[in-house]
Amino acid sequence: MHISRGCLLVPLQDDLYDESILEMQAEILEKISQAGVKGVIIDLTSIDILDSFLANTLLDTGRMASLLGATTVVVGIKPELATVLVDLGLEFKDILTAITLEQGFQELRPIVEPEERPEEIEETEEFEEETSEDVTCEDEI
Amino acid sequence: MIEIERIHIRDETFIVEASKKVQAVARDLKFDSMNIVRLAVCASELSRYIYHYKEPVLIIGLERKNQDVFLKLAFKCKKEKSKTSSLRFKIEKFFDDFRVSYTAEGFEVLEGYKYIEDPEFKMTQEFIHTEKEKIQGLSKSRELVALIGQAKEQVKAEKVRVMGLEKLDRIKSDFVLTVSHELRTPLSIIKEGVSLVLDKVCGKINQKQEKILITINDNIDRLTRIINDILDISKIEEGRVELEKEFINLNSLIKNYISSFAIIAMGKGLEIKVDLPEREVRLYIDGGKIIEVFANLLSDALKFTERGYVEISLQEKENEVVCSISDTGRGISSEDIPKVFQKFRQFGRVDSSGEKGTGLGLSIVKGIVEMHKGKIWVESELGKGTKFSFTLPKYTPEMFLKEYVSTGIKRASENNSKISLIVVSILEFDKLKQELTPVRLNLILKDMEMRLKHALHLERDVAVKVTEEIDILLDDCGKEGVLKVKNRFAKILEDYFVRKNLSDKIKIHFGFSTYPDEAKDDEELIKKAKEA
């Protein structure tokens, strides 16, 4: 997974075992809290089969991310998968969905503002620290 | 069952394994992508369900049930009997059949069946039925799966080819129809013009002119007959002629029609003989079309007979009636007999008197007879005469019902509608026969049939007495509608039995079934309605 355009991009591969799904969940939450991203895109384009365990884990991940201040969008669900998910009663409520990756980015754009990218926030803080030391009341007078 | 794979769900990694294996088998069996995903997800969900219990195992196989072949997924685990599981209820809908059972050893067995192909795919059943040795000899069952997959591909390719041919056929018949209609209009105009001149509306004409115009008129009529015959034979060959069958007294039909030919026969000095059984012969036929058959054959017989007679006879056999038209005319040579029913063939007609034929009459006659599921043939000797014979099947009420249900189902599937069958039977019929006598019981059934017929609303609805029961077919009627009709019928019959003081003696049972909700074809609809 990597950060792109202010969002944490998580492409899932097929052949995911339960353990790796849970590891992925933990990694997502760690990355969110480390990098302070506001948006997470989970890409299911490569996923052919999605059962209740993976579906519920994704939903939980979305809720957990939300508690950390990040919004999650799931993209790339295949039409056949969508039908089966609904038939199984596994609807993706409380989580945004989009068809393509680009649409996912568009969905998160209002939430993720480019000037507030994590690396820029750090630079601004340094600059403010420097100026606050330089300016005094005596200088102004 | 032919086992393809057996997977012991030892840990959670085998859940993914199970899903992948089912996916692969479903792909090899050429299921569509939706069903592949459904089956793989089912496998994953059900594997998770059994994984928590002892000795969980998934078995993938092929099984024959009745005439169909199914992909079978069987999930087994050792656990006590459980009550309902919402998972199972959700999963059930993905299979064509789903069962839960328990073995004596304490295993819960969940079996899901998925039909491999639509009913047109016969090869799987035939393959499994006839190739048993080959199947058992296969070292790996996956080879069998691959073979079935290949067979399915071949059948699909054949279907595409046939659809292409059908499309070509439709283009051809549309062309024939369009051209024929386009030719009719100018022909009508020409005929009108010629008639005006012949009737001297445009002025006087001399004898020579009149003779030429009469020849033109005759040929216009002939062209018109050819176009009409081409249209008729085209429709027959395309199967686009819908017979309007009803129960008709064939004796009366023939007697009424003969009279119009008697005049022509008298004019030629010929005798018309009629040999019909004394007993009424009632057949389930399209009266108009059968008259066309007689008209064609009689007209030919009269045309090609100079002296002697033309005879029409009916012979009643066990399952059919044989109709014959024989004459003492010029006959047909043995080389020409095999070609008699071919299109645009005419034999020894060049010098004959009267109007010329189109060469399509006998093809049309053959088409009509065959549409009635009959046979037609000719016996002839040059110089001695010709005998055309054709059969018409006798319809038992059971045959009538099956045909009517078939036609109804065909119409329902084309219109995307439903039809329903109600079977009204008298309980303990055999016992009642002792009490009421068979004759009286038969009369009661006829009475019931008549009352129910009167109560039908739509023209296409039909009620028929079939031996010991009355079957009612309701057009464009689903399950809700059939319940209402059934209740109405129950009231009608209840009132009837009260009036006849039969309420204590006769008890009625109503069975019903609906296409396509409960039955896939005519046999299943009849069977389910009778068993309901």
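Modeller: Before we look at helix packing, take the axis of a helix as a line fitted to C-alpha atoms over the stretch in contact, with angles running from 0 to 180 degrees between N-to-C directions. Please keep in mind that what stands above is a predicted model.

Colleague: At what angle do helix H1 and helix H2 of chain B pack, and how far apart are their axes?

Modeller: Helix H1 (residues 13-28) and helix H2 (residues 33-51) of chain B pack at an angle of about 150 degrees, and their axes are 8 Å apart. Angles over 145 degrees count as roughly antiparallel, and H1(B) and H2(B) are therefore roughly antiparallel to each other. Their crossing is right-handed.

Colleague: Which residues of H1(B) and H2(B) meet?

Modeller: From H1(B) come B:Ile15, B:Ala18, B:Ser19, B:Val22, B:Gln23, B:Ala26 and B:Arg27, and they meet B:Ile36, B:Leu39, B:Ala40, B:Ala43, B:Ser44, B:Ser47, B:Arg48 and B:Tyr51 in H2(B). Sorted by class, the residues of this contact of H1(B) with H2(B) are nine nonpolar, four polar and two charged.

Colleague: At roughly what angle do the axes of H13 and H14 of chain B cross?

Modeller: Helix H13 (residues 438-454) and helix H14 (residues 479-499) of chain B have axes that come within 10 Å and cross at roughly 135 degrees. H13(B) and H14(B) are therefore oblique to each other, and H13(B) passes H14(B) in a right-handed crossing. On the H13(B) side the contact is made by B:Ile444, B:Asp447, B:Met448, B:Arg451 and B:Leu452, while H14(B) contributes B:Phe489, B:Ile492, B:Leu493, B:Tyr496, B:Phe497 and B:Arg499. The division by class is eight nonpolar, no polar and three charged residues.

Colleague: And which residues of H12(B) and H13(B) make the contact between those two helices?

Modeller: The axes of helix H12 (residues 429-436) of chain B and H13(B) come within 7 Å and cross at roughly 115 degrees. The contact is made by B:Phe429, B:Leu432, B:Lys433 and B:Leu436 of H12(B), together with B:Pro438, B:Arg440, B:Leu441, B:Ile444 and B:Leu445 of H13(B). This contact of H12(B) with H13(B) has seven nonpolar, no polar and two charged residues.

Colleague: Stepping back, how many helices and strands does chain B have?

Modeller: Chain B has 15 helices and 16 strands, and 44% of its 532 residues count as buried. Among the contacts in chain B with a separation of 6 or more, 68% are between residues 24 or more positions apart.

Colleague: Is A:Thr57 buried or exposed?

Modeller: Buried means under 20% relative accessible area, and A:Thr57, at 6%, is therefore buried. A:Thr57 lies in helix H2 (residues 52-67) of chain A and touches A:Ile21, A:Leu22 and A:Gln25, not counting residues up to four places away in sequence.

Colleague: How many disulfides does the structure hold?

Modeller: A disulfide is a covalent bond between the sulfur atoms of two cysteines. The structure holds zero disulfides over all chains. As for cysteines to look at, A:Cys7 is buried, with a relative accessible area of 1%, and B:Cys77 is buried at 0%.

Colleague: What is the phi of B:Lys373?

Modeller: B:Lys373 has a positive phi of about 65 degrees although it is not a glycine. This residue lies in the loop between helix H10 (361-371) and strand S11 (376-381) of chain B, and at 58% relative accessibility B:Lys373 counts as exposed. B:Asn501, not a glycine either, has a positive phi of about 55 degrees; B:Asn501 lies in the loop between H14 and S16 of chain B and is exposed, with a relative accessible area of 66%.

Conventions:
Residues numbered from 1 in each chain as written. Chains lettered and ligands numbered in written order. Predicted model: local features only at pLDDT ≥ 70, side-chain atom pairs only at ≥ 80, totals over all residues. Heavy atoms only, no water. Helix = DSSP H or I, 4+ residues; strand = E, 2+ residues; numbered from the N terminus. Parallel < 35°, antiparallel > 145°, perpendicular 65-115°, else oblique. Left-handed = near helix turned anticlockwise from the far one by under 90°. Contact = heavy atoms within 4.5 Å. Nonpolar A, V, L, I, M, F, W, Y, C, P; charged D, E, K, R; others polar. Disulfide = S-S within 2.5 Å. Buried < 20%, exposed > 50% of the residue type's maximum accessible area, 1.4 Å probe, protein only.
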